[in-house]
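Please look over the sequence and the model shown here before reading on.

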Amino acid sequence: MLPTGVSGVFAGMGRAVLDAVLPPLCLGCNEIVGAPGALCTRCWQGFSFISAPQCACCGTPFAEDLGSGALCAGCLARRPRYHQARAALVYDDGSKRLVLPFKHGDRTDIARACGAWMARAGADLLASADLVAPVPLHWRRLFVRRYNQAQLLARIVVRTAATERKPRLMPDLLRRRRWTGSQAGLRARERRSNVREAFDIHPKWLAEVSGRTVLLVDDVLTTGATVEACARVLERAGARRVDVLTLARVVRPAL
C-alpha cells in the first residue's frame, strides 16, 4: 500500500492525464473550464443565484430589503404548509440549461455541483434539520427515468452540509402511492388537487418522524403543491417542522 503522500501524487497525475485527454467542460455550455463540475464565467454570470433579501417563508427574492421576517404577497395571502423554503437558483432560461438535462437527459453528473449550491443556500435549514427526505417519484416514472433526481440532490446536500451535526438522509421516508402524471400546464389549484393524498410515509419509518424537523429536497419549486402535499403527510405523522430546499424556484413577477 502506497503512503498517503505518494498516492496523492499519483492521483494528481492521473487527474492531469485525464484532463488532457478529456478536459472538464462547463456544466452550462460545454466550454472547457478549469475543474470538473464548474461553470464558465459567462454561464456563471448568466445564472440568477438567490440570496438575501428574500421572503422569510417561501424564499422568493426581494428587489430590496424589507426587513427581518418580511413575507412576499403570496405568503401573506396564503401561508404554505411548510415552515420555510429556500432555493439556490431562479428557474429561468439560464437555470433550465442545467435543470432539464439533469432531470430528463441522464446528466446525473450535474448533481454534485447543484447539490453543493443547495447546501449553501439552505445552510440554516440544514443546521436545524433532523431528517432529509427527497420528494419521491412514482415507480412508473422511476422505471422510465431510472433515477430520482431529488434523491441524487439530497445525497449531495447532506454530504456537503457545513454543519456540526449531519442530518440523517432517508431516501425512502416518503412514497408516492398513486400516479399523478405531469404537473406541467396545470394551475396552482389544479396542481394541489392532483397531488392530494398522493403521498404517504413508509410504514417502517413512521416512528422516526414524530417530533423531528424534516427537510424536503426537490429539483424545482413551482407552485409548491407537491412539497405541501408531502408536508401535510409529515405533519400528520407528528413532524415538529417541515422545511423545503430545492435547486431552483419559479419567481413570479410582482403585481
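This is a predicted model: local features need pLDDT of at least 70, side-chain atom pairs count only at pLDDT 80 or more; totals for chains, interfaces and linings use all residues.

Residues are numbered from 1 along each chain as its sequence is written, and side-chain values use heavy atoms, with hydrogens and water left out.

**Phenylalanine 47**
- Phenylalanine 47 lies in the loop between α2 (41-46) and α3 (73-77), where helices (H or I, at least four residues) and strands (E, at least two) are DSSP runs numbered from the N terminus.
- With a relative accessible area of 6%, phenylalanine 47 is buried (buried means under 20%, exposed over 50%, partly exposed in between, with a 1.4 Å probe and protein chains only).
- Beyond its neighbours within four places in sequence, phenylalanine 47 is in contact (heavy atoms within 4.5 Å) with Leu39, Leu89, Gly94, Ser95, Arg97 and Leu98.

**Phenylalanine 143**
- Phenylalanine 143 belongs to helix α7 (residues 139-145) and, at a relative accessible area of 67%, is exposed.

**Strand β6**
- Nine of the nine residues of strand β6 (residues 213-221) are buried, so the strand is largely enclosed by the rest of the structure.
- β6 pairs in the parallel sense with strand β2 (residues 131-134) over four bridges (pairing requires that DSSP finds at least two bridges between two strands), and alanine 133 stands opposite leucine 216 in β6.
- β6 also pairs in the parallel sense with strand β7 (residues 241-249), over eight bridges, and valine 214 has valine 242 in β7 as its bridge partner.
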